[in-house]
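I opened my notebook today to look through one protein chain, and I wanted to keep a careful record of what I looked up.

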Amino acid sequence: MLKSDYFTTHPISGALGAEISGLDLSMPLNAAVFEQLHQALIEYKVLFFRDQDLTPEQHIAFGRMFGEPMEDEFVKEMDAHPELIELLQEADDSGYNFGGTWHSDSTYREQPPMGVALYARELPPFGGDTTWTNMELVYSSLSKGMQTLLDPLKAEHVAQGYREKMSIIKGDYTKSFNKEDIVVRNVSHPVVRKHPVSGNKSLYINEAYALRFSGMTEDESKPLIDYLCRFAIQPHFTCRFRWLPGSLALWDNRNTMHFAIGDYFGHRRLMHRYTIQGDTPVGLVEVANNG
Ligand code: SIN
């Protein structure tokens, strides 16, 4: 477990996630504190901070320590703070729940986000928790035979599912999905991803965007993709966070998936999100070929 001179780390589950106490994120972090916090992020994959009182500028400054802001292709940035997007669920919204599917963010992009700093501004009196799953633990829990099968594979990721949902229930959730021209791309990524910092291997596939294995049909791919996505969300791979106003979650999007639980109908929830630019996922085979 990480020992820090500057903050205390309290793991919230055996799989991933830790609450960090002793830091005020409204103040700039010096290089030594940042270094240990970054190490904690690599170790725990999602960090939670309580009782933070942040202006949008302070939230952005914190996010920027981890990387440049990344534009979201579905959600319009805030007019006053283009580095942030607003995730808003109104009390009278029905139907769609933003983030209510197990996913890693924007894997349909060539360079999906490295991570996210999500800050809670207004919360329902109950519900609205978010859950994460540790895709390194998931990969290491697969049989050797399955790992060997998956190691050289790539999968194609598309945002098509979101576009279809938009046309079906448009109006219910245009407050969140509010960009006019959505680019639907199709990119392929390794199914087993090597973490650029730790070198750890994680399963890199998700039900929101992974359509098929490269070189296979959707029908051929679906049973295994479905199996892996079900396998990945077993409770012992996950953690669950109860938000309170002023909570901030910082997650590594390269080796986790998350799911926002939409169980607070009739109540408002407002989150501000800073998305951190990521790099091109690297798989095991490319690493072997290049090295
Ligand atoms: C998301 O980024 O997928 C939404 C997370 C949340 O609102 O809890």
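The entries below follow the order in which I looked things up.

**Entry 1: ground rules.** I noted that this is a predicted model, in which local features need pLDDT of at least 70 and side-chain atom pairs count only at pLDDT 80 or more, while totals for chains, interfaces and linings use all residues. I also noted that residues are numbered from 1 along each chain as its sequence is written, and that side-chain values use heavy atoms, with hydrogens and water left out.

**Entry 2: the whole chain.** I looked up the secondary structure and found 7 helices and 15 strands in the chain; these are DSSP runs numbered from the N terminus, with helices being H or I of at least four residues and strands being E of at least two. I then read that buried residues make up 54% of the 291 residues, where buried means under 20% relative accessible area, exposed means over 50%, and partly exposed is in between, using a 1.4 Å probe and protein chains only. Among the contacts with a separation of 6 or more, 84% join residues 24 or more positions apart, a contact being heavy atoms within 4.5 Å.

**Entry 3: helix α2.** Which residues of helix α2 (residues 56-66) are buried? I found Pro56, His59, Ile60, Phe62, Gly63 and Phe66. Seen down the axis of α2, these buried residues fall within an arc of 160°, so they line one face of the helix; the arc is that of the directions from the helix axis to the C-beta atoms. I looked next for what covers them, and the cover includes α1 (31-44), β3 (46-49), β4 (84-89), β5 (115-122), β13 (248-252) and β15 (269-276). Just after α2, Gly67 takes a positive phi of about 160°.

**Entry 4: two phi angles.** I reminded myself that most residues other than glycine have a negative phi. Lys45, in the loop between α1 and β3, is not a glycine and yet has a positive phi of about 75°. Asp51, in the loop between β3 and α2, is not a glycine either, and its phi is positive at about 55°. Are these two residues buried or exposed? Lys45 counts as buried because its relative accessibility is 6%, whereas Asp51 counts as exposed because its relative accessibility is 68%.

**Entry 5: cavities.** I counted 5 cavities of 30 Å³ or more. On a 1 Å grid over the protein atoms alone, a cavity is a set of points where a 1.4 Å probe fits but cannot get out, and lining residues have an atom within 4 Å of a point. Grid points are joined across faces, edges and corners, and a volume is the space filled by probe spheres set on the points. The largest cavity holds about 160 Å³ of space, and of the 15 residues that line this cavity, the closest to its centre are Leu87, Phe98, Gly99, Ala260 and Arg269. I saw that β4, β14 (256-260) and β15 each supply at least two residues of the lining, with the largest share, 3 residues, coming from β4.

**Entry 6: cysteines.** How many disulfides does the structure hold? I found 0, a disulfide being a pair of cysteine sulfur atoms within 2.5 Å. I also checked Cys229, which is buried at 7% relative accessibility, and Cys239, which is buried with a relative accessible area of 3%.

Terms used:
On a 1 Å grid over the protein atoms alone, a cavity is a set of points where a 1.4 Å probe fits but cannot get out, and a pocket is an open set with protein on both sides within 12 Å along at least five of seven lines; lining residues have an atom within 4 Å of a point.
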